[in-house]
Amino acid sequence: MKEETARRADLRIDVGALRRNVAVLASRAAASGARTMVVVKSDGYGHGAVTVARAALAAGADELGVASVTEALDLRAHDITAPLMAWLHGPGEDFRPAVREDVALSASSLETLHEIAKAADQVGRTARVHLKIDTGLNRNGCPAHLWHELVTAAARAEDTGSVRVLAVWSHLACADELDHPSIDEQAERFHAAYVQARRAGLSPERHLANSAATLTRPELHFEMVRVGIAAYGLDPVPEHGDHGLVPAMTFRSSVVLTKRVAAGERVSYGHTWTAERETTLALVPVGYGDGVPRVLSGRLAVWLADALRPQVGRVCMDQIVVDCGDDPVAVGDEVLLFGPGDHGEPTAADWARELGTIHYEVVTGMFRPRVSRTVVEPEVTT
Ligand SMILES: *Cc1c(COP(=O)(O)O)cnc(C)c1O
């Protein structure tokens, strides 16, 4: 692999890992006859939506999914022509650009369906629509008691050519908890909604499974799965076994200064850490302004000069200090804050555990104006 020197604060995005993960997921979906949508919302979970979209499509993804129309149009502006769906709309959203760019739109209500149909008529094209049924997450999605009205209206709008209903879909609440009873309950409600849609005269496909359900519930793959987190190499159900996913993001920096300090010297704001013996400190130019949470002060470890070493004292806005004992460390040495873990560096899942959150939030929160992203392509082998 082509390696570049770590900059001050850099996210290294491993395209080879993205491709391998998508290939793993797409082959699981294909085994049950399903297509694969890769979800690249929130700038590809912090990895870069365009980078991920291209890698995913090269590795066998059939479609892409995003939350907002703005995200979808940004992909189109980068010449990504694959089938693309957006599912969460603002009030008064102008759907005309999406219809023009052939972005499929989710509708959870009659109002949204009408707005999409109106936009389609104005643009002079048929809008592609996915109708979302709420099967128990109680977030967006059409409540069951309004579903009949929605599918009936959608069938009428199909007749006039305003819309084409591609799919009925829903989202699971507890797919990452193996055998959670809500999964089967939601699947039953989903089936009932699908039957109603067909009776209304629609012939939609179905999609329900997120990453966790793609990995654990093949009977819920239907015609398409929607994978997000697993494509990035972060396993939502590690207790289910090793799925062979490789984390694609490495957060790295470099040592910018080293110094020997005497026993009794204290470090960083508030002097919360005291050197018990003479030691070498390494200064690393990343802080909470670069996504290193201050709440992890004194609880982080970083991989530096072939060892896992403790970060000491408070995390500052721009810098952290690492205790290196008597080991030789030098300015320019690479520092891994988290990554796939192959060298012994912490993982995003380790950070999440320390923070009391999930690895989704760790990677999605990393990209900031001061942090660079280096996209590493696999070397072409001949
Ligand atoms: C984010 C999202 C997904 C992907 O979920 P993962 O758990 O990351 O696989 C799928 N569907 C919807 C509606 C989503 O919002």
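1. In this predicted model, strand 11 and strand 14 pair in the antiparallel sense over 5 bridges, and within that pairing threonine 258 stands opposite alanine 282 in strand 14. Strand 14 is also joined to strand 17, again running antiparallel, by 4 bridges, and there the bridge partner of valine 284 is isoleucine 320 in strand 17.

2. Strand 14, which covers residues 279–284, deserves a careful look, because 6 of its 6 residues are buried, so the strand is largely enclosed by the rest of the structure. Thr279, Leu281 and Leu283 point one way from strand 14, while Thr280, Ala282 and Val284 point the other way, and all of these are buried.

3. These strands belong to an open sheet of 9 strands with mixed pairing, whose order is 11-14-17-16-15-18-10-1-19. Strand 11 (257–261) and strand 19 (372–376) stand at the edges and have a single partner strand each, so one side of each is left without a neighbour in the sheet. From one strand to the next the twist averages 35 degrees.

4. Further along the order, strand 16 (residues 307–312) and strand 17 (residues 320–323) pair in the antiparallel sense over 2 bridges, and the bridge partner of valine 312 in strand 17 is valine 321. Helix 1 (residues 15–31) packs on the sheet, where it touches strand 1 (10–14) and strand 19, and the direction of helix 1 makes about 45 degrees with that of strand 1.

5. Helix 1 has 17 residues and reaches 24 Å from its first C-alpha to its last, which is close to the 24 Å expected at 1.5 Å a residue. Its buried residues are Val15, Gly16, Ala17, Leu18, Asn21, Val22, Leu25, Ala26 and Ala29. What covers the buried residues of helix 1 includes strand 1, strand 2 (35–39), helix 3 (49–58), helix 9 (211–216), strand 9 (224–227) and strand 19.

6. The protein is divided into domain 1 (15–234) and domain 2 (249–376), and the centres of the two domains, taken over C-alpha atoms, are separated by 39 Å. Where the domains meet, 11 residues of domain 1 are in contact with 10 residues of domain 2.

7. The largest nonpolar core contains 115 residues, of which Leu75, Leu131, Phe251 and Trp351 touch the most other members, and this core draws at least three residues from each of domain 1 and domain 2. Leaving aside residues up to four places away in sequence, leucine 75 touches Val40, Ala49, Val50, Ala53, Leu64, Val66, Ile80 and Leu84. A second, separate core of 7 residues includes Val267, Ala275, Leu281 and Val321.

8. Two loop residues call for a check of the backbone. Most residues other than glycine have a negative phi. Asparagine 138, however, has a positive phi, near 55 degrees; this residue lies in the loop between strand 6 (127–132) and helix 7 (144–159) and, at 65% relative accessibility, counts as exposed. Alanine 305 likewise has a positive phi, of about 50 degrees, although it is not a glycine; its place is in the loop between strand 15 (301–304) and strand 16, and with a relative accessible area of 28% alanine 305 is partly exposed.

Key:
Residues are numbered from 1 along each chain as its sequence is written. This is a predicted model: local features need pLDDT of at least 70, side-chain atom pairs count only at pLDDT 80 or more; totals for chains, interfaces and linings use all residues. Side-chain values use heavy atoms; hydrogens and water are left out. Two strands pair if DSSP finds at least two bridges between them. Axes are lines fitted to C-alpha atoms, for helices over the stretch in contact, and angles run from 0 to 180 degrees between N-to-C directions. Contact means heavy atoms within 4.5 Å. Buried means under 20% relative accessible area, exposed over 50%, partly exposed in between (1.4 Å probe, protein chains only). A nonpolar core is a set of buried Ala, Val, Leu, Ile, Met, Phe, Trp, Tyr and Cys residues joined through side-chain atoms within 4.5 Å. Domain bounds come from an automatic or database domain assignment. The expected span of a helix is 1.5 Å times one less than its number of residues.
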